[in-house]
Amino acid sequence: MLEQSRHFGHELRTLRRAARMTLDDLASRVHFSKGHLSKVERGDKPASPDLARLCDAVFEAGGALIALVPEERRRPEAEASQASTGDEEMWSMELSPDGPSRFEPLGRRQVVARAAASAVGLRMGLPRPPAGPEGDSLLEMSRSLFGQYRQLGQAAAPEAVLPALIAQTHTLRSLALRAGPRTRAGLLGLASRYAEYIGWLVQETGNDLSALWWTERAVSMAAAGGDDHLAAYALVRRALIAMYRQDATETIGLARQAQGGRLPPRIRGLAAQREAQGHALAGDYDSCMRCLDRARALLAAPGAASDAPVIGPTSLSDPVAMVTGWCLHDLGRPRQAAAVMDAQVRRLPGHALRSQARYGVRRALAHATAGDIDHACDVVAPLLTTTIAVGSATIAADLRRLERTLARHPRNAAVRALAPELTAALHFVSVQHPSS
């Protein structure tokens with residue numbers, strides 16, 4: 001680590017001197033103190049990924065400085081595909097009267113053992129689902145219910161929504177086993193969308209391994225219903241987890257695999273967006289912008305919005321523009337990022353509290369990184385209650401980055417006023433998701 005710090009410091013000093021820039025000049029551009037930069041250049045202090053991106057952008061190094069800071073590779077202990085699958089798999093969910101719940105997949109032998117140890121057993125089967133118009137009505141009602149669950153997921157903590165979603169997914173899967181071919185395909189297809197959404201909410205709790213497990217279940221159910229496209233979207237979801245681990249290489253690689261020519265344009269467009277975010281992490285501006293242009297064209301293509309229910313996020317009126325702002329921040333261009341996100345956050349629907357918190361905190365982070373400290377505090381202050389309510393480990397990660405950025409300005413009155421509420425919000429989230 002010490003050798004890596006010295007290497008980075010040497011390269012930073014070389015680029016700064018070649019640009020005829022003083023430490024004071026650089027400090028005013030990246031909003032880190034002159035003393036901190038001096039220690040980084042001497043190798044006495046390691047550069048953070050945020051500082052590396054800012055300096056990379058200042059000197060137009062094309063990702064060379066970013067590459068000198070090791071990527072964090074917090075991989076799940078096992079791949080999701082190692083979990084039990086197939087007809088031998090059964091699900092167990094426990095609900096307690098005071099709120100907490102627990103879910104786990106079980107093998108049939110485990111279930112039999114538990115039943116034998118229980119004094120009372122309850123066996124209840126589901127009736128065969130109707131065919132024809134009645135079956136279509138059942139599907140339509142379940143789709144409508146899914147839309148309501150997604151809206152609820154925007155306003156409530158994942159733990160409050162997951163039990164109902166898991167139960168509904170199980171019901172759809174069980175009904176599909178008793179249905180005719182056409183109804184069965186529809187039920188499994190919808191169950192797969194439920195499972196994919198569960199995976200996203202589970203990731204919001206900070207449990208990446210379980211999120212991948214649910215994504216694999218979604219792929220299995222979709223394939224059983226005749227839809228092989230969701231496997232490609234699963235790669236996009238895996239790329240998202242890699243992106244939150246700051247793993248640029250894996251993010252790009254997974255996103256590229258999900259852009260085959262025969263896939264629906266929406267999946268390819270979402271994959272192109274994710275690839276752009278990977279290039280942003282790597283500091284490759286040109287590749288990032290090319291991917292965003294491709295994503296914009298694909299998401300505007302005929303048929304891109306024909307899925308019902310829609311795959312991926314639904315609360316963004318212009319997802320490519322919002323992702324552009326996100327990428328600009330990761331490319332070390334926080335002032336440009338803030339301008340883009342200012343405009344896009346205003347367009348979020350009022351009910352989308354989770355999205356407002358996610359992009360609002362990222363917007364505040366962009367302003368803080370650009371040195372607009374007072375405005376950053378003004379932006380994030382009204383979002384702290386919402387952040388607690390939606391209980392997101394991924395939003396909390398950006399909130400911690402914001403806290404570290406604001407901590408560089410301890411004498412600022414707005415920072416001192418915000419500090420108690422910000423600390424309390426982060427503490428509450430850490431209690432909700434201790435592993436995040």
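Q: What makes α10 count as mostly covered?
A: In this predicted model, 13 of the 15 residues of α10 are buried, and buried means under 20% relative accessible area.

Q: How do you know that the span of helix α10 agrees with its number of residues?
A: At 1.5 Å a residue, the 15 residues of α10 (residues 230-244) should span 21 Å, and the end C-alpha atoms are 21 Å apart, so the two agree. Gln-246, with a positive phi near 65°, follows the helix.

Q: Why is Cys-291 called buried?
A: Its relative accessible area is 3%, and the cut-off is under 20%.

Q: Good, now the rings: what makes Tyr-197 and Trp-200 a stacked pair?
A: Their centres are 6.0 Å apart and their planes are at 20°.

Q: Are Tyr-197 and Trp-200 buried or partly exposed?
A: Tyr-197 is buried at 6%, whereas Trp-200, at 22%, counts as partly exposed.

Q: What makes the pair of Trp-326 and Tyr-359 edge-to-face?
A: The angle between the planes is 75°, and over 60 counts as edge-to-face. Trp-326 lies in helix α14 and Tyr-359 in helix α16, so the pair ties together parts 33 residues apart in sequence.

Definitions and conventions
Residues numbered from 1 in each chain as written. Predicted model: local features only at pLDDT ≥ 70, side-chain atom pairs only at ≥ 80, totals over all residues. Heavy atoms only, no water. Helix = DSSP H or I, 4+ residues; strand = E, 2+ residues; numbered from the N terminus. Expected span 1.5 Å × (residues − 1). Buried < 20%, exposed > 50% of the residue type's maximum accessible area, 1.4 Å probe, protein only. Phe/Tyr/Trp six-rings, centres within 6.5 Å; stacked < 30°, edge-to-face > 60°.
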